[in-house]
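Reader: I'd like to go through the charged pairs in this one, and then perhaps a bit of the sheet. Could you show me the model before we start?

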Amino acid sequence: MTLYVKNIKNAKNNLSAVKLKRFACFAYFIFAAISVFAQNYDEPPATKWNQIKTDHFKIIYPREIDSTAQYYANILEKAYNYVPRSLNYYYKRTIPLVLHNKDLNSNAWVSFAPRQMDFMTAPINNLYVTPWSKSLALHEFRHYVQISKYNSKGVLKFASYLFGDYASVAWAGIVPNWFFEGDATLSETSMSKSGRGRMPFFLAEYRAYLLSDKNFSYDKWLQGSYKNFIPNDYAYGYVQTSYARKRFGTDVWEKTLDRAQTKSIPFFGRGFRKITNITLKQLQTESFEYLKKSWEAENRQTDENVNYITADAKNYTKYLYPYFIAEENIIAVKHNLKNIPSLVAIDKNANEKHLADIGYYADKIYFAGNRIYWIETIQDIRWTAKSSNTVKFYDLNSKQIKTALNRTRYRTLAFADSANVFAAAKYTKNDKNFICILDKTKFAEIYETQTPKNATVVSLTINEQGNMIAASLLSDDGMSLQTLDITNGKWNILIEQSFTGIENICFYDEYIIFNSGFDGVDNLYLISTKTKKIHRLTNSKFGAIAANHNKNNDLIYSEYYGNGLKLATKKITFDENTNIDWTQPYKFELAETIAAQENFVIDTIDLKNIKTYTPEPYSKTTNSFRIRNWLPFYAGINPEKTITSFYSSDDEDDKLSWGTTIISQNLLGRNTTAQLAYSYRNNHSAIHAGFTHSGWFPVISIEGHYGGGKNFLINEGKLYEGNENRFNIEATTYIPFVFSNSRYVRGIIPSIIFSVSNSKYFAPSHLSMRKANLAEYGVSAYVYRRLSKTDIFPRWGLIFNFQFKNSPFDTENFGNIYGGKITAYIPGLFVNHGLQLSALYQKQNAKRYFYSSVYDFPRETNNMISQKLNMYSADYTFPIAYPDVNLGALTYITRIRANLFYDFALTKNAKNINDNIYSFGTDVLFDAYWFRMPYPVTLGIRFYKTNLENNIGIRLITAVSF
């Protein structure tokens, strides 16, 4: 709370504390990393929790998934002795794991502070041929081992005494993220019969780039690009970590981490160089050369009778899930870096028409009855740990997007043009998988059956008669292809369970077409439902996926090439006398080499006679507090608020200072946090405490501060020092409503803040000093189109904010201040150009004292005391270039952009004098990675002019992106 006094210009300066610049940068990165890795994940308050304790894990889970928790307990205990082995580090304390069953987003993470694992139990549709639970046990547990090992000795172990789990965030600045994710991907591959390292699509872009002689600089492969699609840290890291183990042995990363830990500056790259005598840059060069030679040696023969519908694009473009909608017309989903996913129609002359932006869909698209269907995952309006799936469609006749089914748990669909029904795969909260049949007109469920062995449905199709379903099913024994006769409920196995992927299936008369990485590259196959013979349909150099067909035996599909996925067609032809032996899949040499270094395959463990652990109730109340973090300084009770203003907070109680801070965060989504701190600044001591709970519908936060100097007294425009220690307390409540979908981000946040302090103001009517109090009421609402990778501003959007402040218990000294601001986003002249327009109004009904301004004044001017403020702003932003250039290890510049701005304000100041204030200028910004750190830092120069004293200036501006 900041209150300004009439005619006292320096009141704020008189209360300023010393800025401890030596701590500022360090604290910035500490809390920036914490904000990334410690996710808040709110479960509905009605959730009842149990826990089971094993020898090494404590698993907390909703009570309705007890059998799922028992399953996780057994596979994690089986994996405990093997997952850490190549790093030679076994964590001795109990490892906490929280299972979440209400979110259909298949995800998991290991948070750094507090250190714990969180798994969403909803399985992913098409990423693995190992069950989701086993993949998580290998991948996420490996993350836990990585972090724990790196903080087990040396300077980082010492740091853990000073910072608790917060010491783990040093990983983010020292160890490259590609190692973090790549080594975990290697774990899931080398200790299973599948894993992403054995999925051809995972490295398809590398195959296409390298075999097309497209190579980039070390920094571009490492950090990415706005101009080209660069595979993510999972793929890049898998290549680097697996090749290093092939070349230098099983323990290369153990030795690298050990070497780095024993040095006072624990640099990861330096440790690797000392162990291997090559740099990480040389490792990249060698690993890519190894991949290229391996793929060239395969000398694959490719199809010659293929017609390409879309040409090679200048910029990275993907066309996925194509369908024939007429004899020669096609629809597909288009992805590129400049736009969110969209539906497009393509005619026989390759002319493309944009139909609609659909944003991010959960599975794939489906075409039937002149409609294009897809599934969107929608977050609950309040709880981040709860979501559901909505089925939507685009009507080609009305050209509108409509909702077919709202708030379901359907994960995969199957349509046929002539059938009156369609199929859906449903995943329930208690971890059960069902095949459902629904009426196509009413969208009502008319049939349901559980899958064999409760297998996850990876892909689904239904025949034209609507009486038979085919599904690729994934269970503990691998993936199979089976048909279901709806008339009698009998399942028939076409392809026995194995660890070879079967995806994107569709009926073709008595056959089923699908794509698989059976031969080391994704290709299209066909199987007879009568003879069960399997035939190859394509021989693609880089990969062919997601096929459909028309009645003329034309096959249409997506094929990888050097700059994305393009659409291809060919006639469906095959030799009836051939039959592929599905028991002899391609062996991935790199994956097999690393697997031989391990002595464990999670797919072979015996889960028939699993151990049953005794469940116990887990109380949210008694487990609300868990102290795992502390700091040897004080940085505010709400560190994010402090760091946002980079050690120059206006609030005296949020300034960085000497002291100590103890922080408690609970396990259930970190939705209960508490802080207790001591600070010493400017020769004054202070005690600080705070508590936040987001597990109820409204978020509740309370913070209090005592000390740090004397309170102040104000009487007749004069400021005096009081004789009491400063004390203030602030209570905040708000509700973060979310109404987002795949295309638009939407939300409303009503809030109330009440604060009181023992600073006092003279009230003439009472002839006494009265304590200061302040109430703030606000509401913010927003809606904007999701950003593509290269968008700077949203293409469309509207943000509204209203604020009202008063002092409800001191209406003699204080009046009120209120205002509203609206910001609109509209497209600029070209793609990724954007225009932001803002207007605000603020009015203050002052009595003896004024409030500080709710909104900022024009840029490069100071906020002033005002009775009335009207302000208008315009920003036009655009990219200048995507250079993708680096200056050695100093910096790698991915984008240069500019922002033109103009602010104009009409004000009536405290002396009732009208004034006009304006500023305008240009920001030139460089988005870059400095010193090969994992996060981009934006540096730029602002050229500006204001009409205050004809001020012209230049200054540096910075921002960090996470």
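Author: Here it is, and please keep in mind that this is a predicted model. The count of salt bridges comes to 45.

Reader: How far apart are N and O in the salt bridge of Asp42 and Arg382?

Author: The side chains of Asp42 and Arg382 meet with N to O at 3.4 Å. Asp42 sits in the loop between α2 and β2, whereas Arg382 sits in the loop between β13 and β14, 340 residues apart.

Reader: And are Asp42 and Arg382 buried or exposed?

Author: Both Asp42 and Arg382 are buried.

Reader: Ok, what does Arg245 pair with?

Author: Arg245 forms a salt bridge with Glu598, and their closest N and O atoms are 2.8 Å apart. Arg245 lies in helix α10 and Glu598 in the loop between α14 and β31, so the pair ties together parts that are 353 residues apart in sequence. With the cut-off for buried at under 20% relative accessible area, Arg245 counts as buried at 2%, and Glu598 counts as buried at 10%.

Reader: Which residues are linked in a network of salt bridges?

Author: Arg207, Glu298, Arg300, Asp519 and Arg536 are linked in such a network.

Reader: In what sense does β3 pair with β2, and with β4?

Author: Strands β2 and β3 pair in the antiparallel sense over 5 bridges, and a hairpin joins them through 3 residues. With β4, the pairing of β3 is parallel over 4 bridges, and the β-α-β crossover from β3 through helix α3 to β4 is left-handed.

Note on methods:
Residues numbered from 1 in each chain as written. Predicted model: local features only at pLDDT ≥ 70, side-chain atom pairs only at ≥ 80, totals over all residues. Heavy atoms only, no water. Pairing = 2+ DSSP bridges. Helix = DSSP H or I, 4+ residues; strand = E, 2+ residues; numbered from the N terminus. Right-handed = clockwise from strand over helix to strand, strands pointing away. Salt bridge = Lys/Arg side-chain N within 4 Å of Asp/Glu carboxyl O. Buried < 20%, exposed > 50% of the residue type's maximum accessible area, 1.4 Å probe, protein only.
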